[in-house]
Amino acid sequence: MPETARPSKREETRRETERAILIAAEKVFAEAGFGGATMQLIADMAGLPKANLHYYFPTKEALYRRVVEDIFEIWLRAAEALDTADCPVQGIGAYIDAKMEISRRHPFGSKVWASEVMHGAPVIQDYLETTLREWTEGRAQAIRRWIADGRMRPVDPRHLLYMVWATTQHYADFGHQIETLNDGRPLSDEEWAAATESIKEIILRGIGAI
């Protein structure tokens, strides 16, 4: 089997620069919103000349859409367990694990998504009407299968998914509130693990899976 060609130094530099831009854009969009963010602010945060930023992303809308799509793609991959698990304890449990880890590692991306949707999704409405709708229906089918097999109580799959989203993403979107109530400290590794286990137990017991 032929070896996969290693990326050139130029390609590696391009990827690193793009990653720096996206990290900076997540933070700026999360804190300022789409309307308040500027390409200059993002360039400054990334430590790049504004002209370089425009080379990678010609418009603010293109950059914003990429940030939103990237966090959604991460969420899509988090749901793979729902498609392959034999039971809700495995599938929904693993999904909650993954969603909590995403909230921990990508809090700014989650906040950008939440703000976009709360403002009526002016930039990504087409994404909601196609990709998100199809994704939700696919996961709902897995939940209906577990219900039909007697693995869990007959609940509305959509409302179950909404509950998982709301609960796990709360730890990103309202991170400041959680930190304040945690005596002004970010959650430790142990506290994140305990929160995740509590959420799994509450939801899985609520649907009669355990």
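These are my notebook entries on a predicted model of a protein, written as I looked things up.

**Entry 1: the overall picture**

I began with the secondary structure and found eleven helices and zero strands. Reading from the N terminus, I wrote the order down as α-α-α-α-α-α-α-α-α-α-α. For the extent, I noted that the C-alpha trace spans about 60 × 55 × 35 Å along its principal axes. Then I looked up burial: of the 210 residues, 40% count as buried. Taking contacts between residues at least 6 apart, 68% join residues at least 24 apart.

**Entry 2: helices α1 and α4**

Next I picked a pair of helices to follow. Two packed helices are described by the angle between their axes and the distance between the axes, so I looked up both values. Helix α1 covers residues 9–36 and helix α4 covers residues 60–78; they pack at an angle of about 100°, and their axes are 9 Å apart. Angles of 65 to 115 degrees count as roughly perpendicular, and α1 and α4 are therefore roughly perpendicular to each other.

Which residues make the contact? From α1 I listed Glu18, Ile21, Leu22, Ala25, Glu26, Phe29, Phe34 and Gly35. From α4 I listed Lys60, Glu61, Leu63, Tyr64, Arg66, Val67 and Asp70. Sorted by class, the contact has eight nonpolar, one polar and six charged residues.

**Entry 3: aromatic rings**

I then turned to the rings. How many aromatic pairs does a search of the whole structure find? I got eleven.

One of them is formed by Trp135 and Trp165, with 5.9 Å centre to centre and 40° between the planes, so I filed the pair as tilted. This pair links distant parts of the chain: Trp135 belongs to helix α8 (residues 125–148) and Trp165 to helix α9 (residues 157–173), 30 residues apart. Are these two residues buried or exposed? Both Trp135 and Trp165 are buried.

I also noted a cluster in which ring pairs link Phe72, Trp75, Trp113 and Tyr127.

I stopped at Thr196, whose place is in helix α11 (residues 189–206). Why does Thr196 count as buried? Its relative accessibility is 9%, and buried means under 20%. Leaving out residues up to four places away in sequence, I found Thr196 touching Ile96, Asp97 and Met100.

**Entry 4: two positive phi values**

Last, I looked at two loop residues. Ala121 lies in the loop between α7 (107–118) and α8. Phi of Ala121 is near 50°, which is a positive value in a residue other than glycine. Asp183 lies in the loop between α10 (175–181) and α11. Phi of Asp183 is near 60°, again positive in a residue other than glycine.

Asp183 has a relative accessible area of 69%, so I wrote it down as exposed.

Technical notes
Residues are numbered from 1 along each chain as its sequence is written. This is a predicted model: local features need pLDDT of at least 70, side-chain atom pairs count only at pLDDT 80 or more; totals for chains, interfaces and linings use all residues. Side-chain values use heavy atoms; hydrogens and water are left out. Axes are lines fitted to C-alpha atoms, for helices over the stretch in contact, and angles run from 0 to 180 degrees between N-to-C directions. Helices (H or I, at least four residues) and strands (E, at least two) are DSSP runs, numbered from the N terminus. Angles under 35 degrees count as roughly parallel, over 145 as roughly antiparallel, 65 to 115 as roughly perpendicular and the rest as oblique. Contact means heavy atoms within 4.5 Å. Ala, Val, Leu, Ile, Met, Phe, Trp, Tyr, Cys and Pro count as nonpolar, Asp, Glu, Lys and Arg as charged, and the others, Gly among them, as polar. Rings of Phe, Tyr and Trp (its six-membered ring) pair if their centres lie within 6.5 Å; planes under 30 degrees apart count as stacked, over 60 as edge-to-face and the rest as tilted. Buried means under 20% relative accessible area, exposed over 50%, partly exposed in between (1.4 Å probe, protein chains only).
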